[in-house]
Structure formats: C-alpha cells, structure tokens
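Subject: Structure handover

Hello,

Here is the structure we talked about. Please load it first, then read the notes below it.

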Amino acid sequence: MAMQSSDESNDSVLLELKGVHKSFGTREVLHGVDLVVKKGEHVVIFGPSGSGKSTMLRSINLLEEPDSGSIKILGTEYGPGVKGGPQVKRGKPLELRRYVGMVFQQFNLFPHLSALQNIALPLRATRKISLHDAEKRAASELESVGLLPWAASFPSQLSGGQQQRVAIARALSLDPKIMLFDEPTSALAPELVGEVLAVMRKLAQTGMTMVVVTHEMNFAREIGDLNVFMEDGYVVARGGRDFFDNSTNERAQQFIGSVL
Amino acid sequence: MNLNGVNFRWSLIWENRAILLKGLATAIQVSITSLVISLVIGLILALARMSSKRAVAIIASSYVSVFRGIPALVSVIWVYFGWSLLFGHNFTVYQAGVIALTLLYSAFFCEIYRAALMAVAKGQREAGLALGMTRIRIFVSIIMPQATKIAIPNIGSMYIGMVKDTSTFAVIGLVEVVRVTQNLNSVNFQPFVLYTAAAVLYVVLAFIVDFIFRAIEKNLSTPPSGRLSNVLTRRRRERIEALINKTG
C-alpha cells in the first residue's frame, strides 16, 4: 500500500527507459535512449522518419525487444537490462503489457469482429470476466468515444477515424497506466484527423499518462509536457512546454519549422 | 437408342441407381473422413514448416515435397499392399483409402494454411500482444479465424480433387463409384452408358461441394452475409442492440 500512495503523488516516475539499444541487422536504430515519464505527464516524441521514434515507442511494451537496455514501470524492470548494469529480477512482457496500452498507425482492429467484440475479446482473454460484463464494459468504452451506435459494425464498415477511436477505446478498456500512440493520425484522411485528436485531447485531460509519436505539431504544442526530438536513433533535444518556441537546438528548430 | 449398330441401354442407370448412389456415398465418406484428418495434420505441418527451429521446418517441408508429388493410385497401392507386405498388418480397403488420401492431402493443406497464415497482417499479432493476450490466444481467436476465411476457397477446390481421387481406390476393391461402374459393366457391357453415369455423379457432387464452400465463405466474410450466419449471429446482434439501448 505504501507503493500505491507514492504512485498517487504527481511527481512519481511511472516509466523509465535506460540505455535502450536496438539494431536491425547491422544498422543500429536506437543508440542508447533514456526517457523518464512521470505519472500524468504527456510526452510528445517527434523527428524525421527513420529517426527511431516508433522503435523507441515499441520497445516500451517490448513489441521490439531491445538488444540491451531497461524498461522500468511501477518499480519493476523489464527487458534485457543495461549493459553491465546490476542483475535484477525482470518482469515478463505479458505482465508489462497489462500496464501499457497502445494505439497503432494502422489501427489494427480485428477485421473479423464487430467493434464491440474487438473490445470484449481482449478483456475476456486477459482477465476473469463474464461475457456479459466484458460486453457491458466494451459498450461503455465505445460510448465514451462516441461510437456506441456503431457497436455492431465491423471495421470495414467504419471510417478510418472511427476505427482509430475504437482502437483507443479497446486499449482503454484494459485500464492501462500509460498509453502509447504510434502516429495515430498518420494513416487518416485530413478531415478525419480532428475526431481522433479530440478523443486524445479528452483522454489527456483525464490525467492519463501518454507517450505520443506524432507529426501533428499543433497538437504536440497543445498537450506536450515533455517534448523529445529524435534524429538518427539519438534523443537530440528535449524540453518542456516552451520547447517549440524556445528550443536552442538548431536541428529541432529546423524540423519544427519545416513541419509547421 | 441405336447408333452405328450399338445399342445404348440408358435404362441401366435408373435400374442400378441404388448401387451407384451407394458407391457415391462411399466416395463421400472416405473423402470427408480424409478431409477432416488432413486438415488437422495440414495445420500442424504448416506450423512446423513456419517454425523457427530449422530441423522441424525441414522435416515438414520435406514431407510436403515428397507427398505432394505422389499420385493417389500409387499411394493407395503402397498403403494397402506395401504395408501388409512390410509389417504383415492388413488395413481394410476403407482404412487404406483414408490413409492414402490423408498422406497426400495433408501436404497440400499444409501449403494452403501456410499461405493463409502468412497473409494475415502482421499488425494483428502485434495488436494482440500489445493488448496483453497470450500467443496461443492470439493464434486461436485472431489469426486462425482470418486465415481460415482466406483458406476456405482453396480447401473447397482441394476437396473436389479428393473426391475424384477416391476413384483410383477401385484397384484395391473399395466399392466406390468407379468400382460399381466396373462391376456393372462386366455384366452388361455398356461402358459408354455406365461411365457417363459415373461422370455425371462426380460433376453433380462437385457442384454441390462448390455450393457448400461458397456458402461457408459467404458466412465467414466480414460483415457476414448469407442466411446461415444470419441465423447463427442473431442472438449476438440482439444482445448488442440491447446493450446499445441500455448504455446509450
């Protein structure tokens, strides 16, 4: 219980990445990335394509297993560990993923299931819960993203924006402590971006801890408590709310200027 | 009917309808039993072939290369006579037919499953993992349903091939359509009439099989269409509607 109360304080660290290295073949895409995310904080990660943003995000829930480095969530360490670091007991990926929700660029809804089943199936698969309770929870999650009337619809019958909102509802139904967004609006037609950002904005306001990889600079400016600029597998610059206007890093400024 | 001095006795078909249909029933029985078993073995082979353990993958792919190339006639003679010569154990003709077909078609189904499993988008597995689902659960609830839908048309075509391959089992004395036709012909000497009847039986069965598999395919499509799935999913749809009304 003591741990619980320390989690409740606003400054407590929820997630800590240390020395995360990752190579694909001979090409190293992450050169030892560090990141600290506090509870309730909204982190924005941006940078040119190929800079390792997505790989970094995907290593948080071990969809990409780092070659070395540590991922610490709620006091437990996951991943292979920092090179030469102390040997500690490491948690299993399955356990880690219970705390971490993720939203993908391509939505990745299950096409053979209705919107409601898309949410109810993982609920049923990951916790002891009756079908009735799972569907009730799924319905209330759909309602909170404004899609309850589409509960029986299949992904192919929904617009990209609606699919992404279902995907967000699906991740939230599992009560994650932190939500990861991997370019959630990049696959959307321009007129559909707004509805997804609106859901994310609402989520940010509820105090959910979020790590967002995005090219939507206006949205980043709006929610980013911590802004991280990556290039070539390095964190080149980082800063707080004034980062977009006052960053002294030339590359970051160049990039912001080119995107805005 | 008389053509070039040959007398065609078409009435023979109707007179022997019961025995001809019984032959067809045997063909269906052998082929369906083989279908069920080889679908299971084919899936296991496909998983083995995609295994990261090299030895396992090589064994599975060797099996496929060998058995895909063996004709049904050779396979059934080998199983029926060869096995008995080697081990002194006799299979019944029915068993030999099922084993022969299963050996061959497991190899084909392995390839069909492998292609279907690989066609399921990579993001599906990742989504399942990110949601905290176990690998087995992801396979059963997410990957397999989608792969099955992709595989169904090919499985249907293969099944028609299986039915036709049962005709070669006449050589070991399985009383299927061709064996019945041979027996009738040896008494009546009406090859044209009797083999036409046999051909028609196979074609009609192929039509029915095609119809059934198309219906399955339709019901597996998303959103499902077709009467069967309408009936099967009605309760679920009603449940969702009730939920919408209650929650909204």
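Strand 9 and strand 10 (residues 234-239) of chain A run antiparallel, joined by 5 bridges. This is a predicted model. The two strands form a hairpin with 2 residues between them. In that turn, Asp232(A) has a positive phi of about 50 degrees. Phe229(A) has Ala237(A) of strand 10 of chain A as its bridge partner.

Strand 9 of chain A also pairs with strand 3 of chain A, in the parallel sense, over 4 bridges. There, Ile45(A) stands opposite Val228(A) of strand 9.

How many residues of strand 9 (residues 226-231) of chain A are buried? The count is 6 of the 6, so the strand is largely enclosed by the rest of the structure. In a regular strand the side chains alternate between the two faces of the sheet. Here Leu226(A), Val228(A) and Met230(A) point one way from strand 9 of chain A. Asn227(A), Phe229(A) and Glu231(A) point the other way. All of them are buried, on either side.

Next, the open sheet in chain A. It has 4 strands in the order 2-1-4-5, with antiparallel pairing. Its edge strands are strand 2 (27-38) and strand 5 (76-81) of chain A, each pairing on one side only. From one strand to the next, the twist averages 10 degrees. Strand 1 (residues 13-24) of chain A is joined to strand 2 of chain A by 9 bridges, and the two run antiparallel. Across that pairing, Glu16(A) stands opposite Val36(A) in strand 2 of chain A.

Now the aromatics. The whole structure holds 15 aromatic pairs over all chains. Phe46(A) and Phe243(A) make one that is edge-to-face, at 6.0 Å centre to centre with 70 degrees between the planes. Phe46(A) lies in strand 3 (residues 42-46) of chain A and Phe243(A) in helix 9 (residues 243-246) of chain A, so this pair ties together parts that are 197 residues apart in sequence.

In chain B, Tyr105(B) and Phe109(B) form a pair with ring centres 6.4 Å apart. Their planes are at 45 degrees, so the pair is tilted. The two residues are 4 apart in helix 5 (residues 93-119) of chain B, about one helical turn. Tyr105(B) and Phe109(B) are buried.

Back in chain A, Phe46(A), Phe229(A), Phe243(A), Phe244(A) and Phe255(A) form one aromatic cluster.

Two arginines sit over rings. The charged end of Arg170(A) is over the ring of Phe110(A), 4.5 Å from its centre. In chain B, the charged end of Arg17(B) is over the ring of Trp14(B), 4.1 Å from its centre.

Last, the salt bridges. The count over all chains is 19. Asp175(A) and Arg127(A) meet in one, at 3.4 Å from N to O. This pair links distant parts of the chain, 48 residues apart. Asp175(A) is in the loop between helix 6 (160-172) and strand 7 (178-182) of chain A. Arg127(A) is in the loop between helix 4 (115-126) and helix 5 (131-144) of chain A. Asp175(A) is partly exposed, at 41% relative accessible area. Arg127(A) is partly exposed as well, at 31%.

Arg221(A) forms a salt bridge with Asp245(A), with the closest N and O atoms 2.7 Å apart. Arg221(A) lies in helix 8 (residues 217-223) of chain A and Asp245(A) in helix 9 of chain A, so the pair ties together parts 24 residues apart in sequence. Arg221(A) is partly exposed at 29%, whereas Asp245(A) is exposed at 52%.

Glu238(B) and Arg234(B) also meet in a salt bridge, at 3.5 Å from N to O. Both lie in helix 11 (residues 234-247) of chain B, 4 residues apart, about one turn of the helix. Glu238(B) is partly exposed at 43%, and Arg234(B) is partly exposed at 49%.

Which residues are linked in a network of salt bridges? They are Arg58(A), Glu64(A), Lys122(B) and Glu126(B).

Best regards

Conventions: Residues numbered from 1 in each chain as written. Chains lettered and ligands numbered in written order. Predicted model: local features only at pLDDT ≥ 70, side-chain atom pairs only at ≥ 80, totals over all residues. Heavy atoms only, no water. Pairing = 2+ DSSP bridges. Axes fitted to C-alpha atoms, helices over the stretch in contact; angles between N-to-C directions. Phe/Tyr/Trp six-rings, centres within 6.5 Å; stacked < 30°, edge-to-face > 60°. Buried < 20%, exposed > 50% of the residue type's maximum accessible area, 1.4 Å probe, protein only. Lys NZ or Arg CZ within 6 Å of the ring centre and 35° of its normal. Salt bridge = Lys/Arg side-chain N within 4 Å of Asp/Glu carboxyl O.
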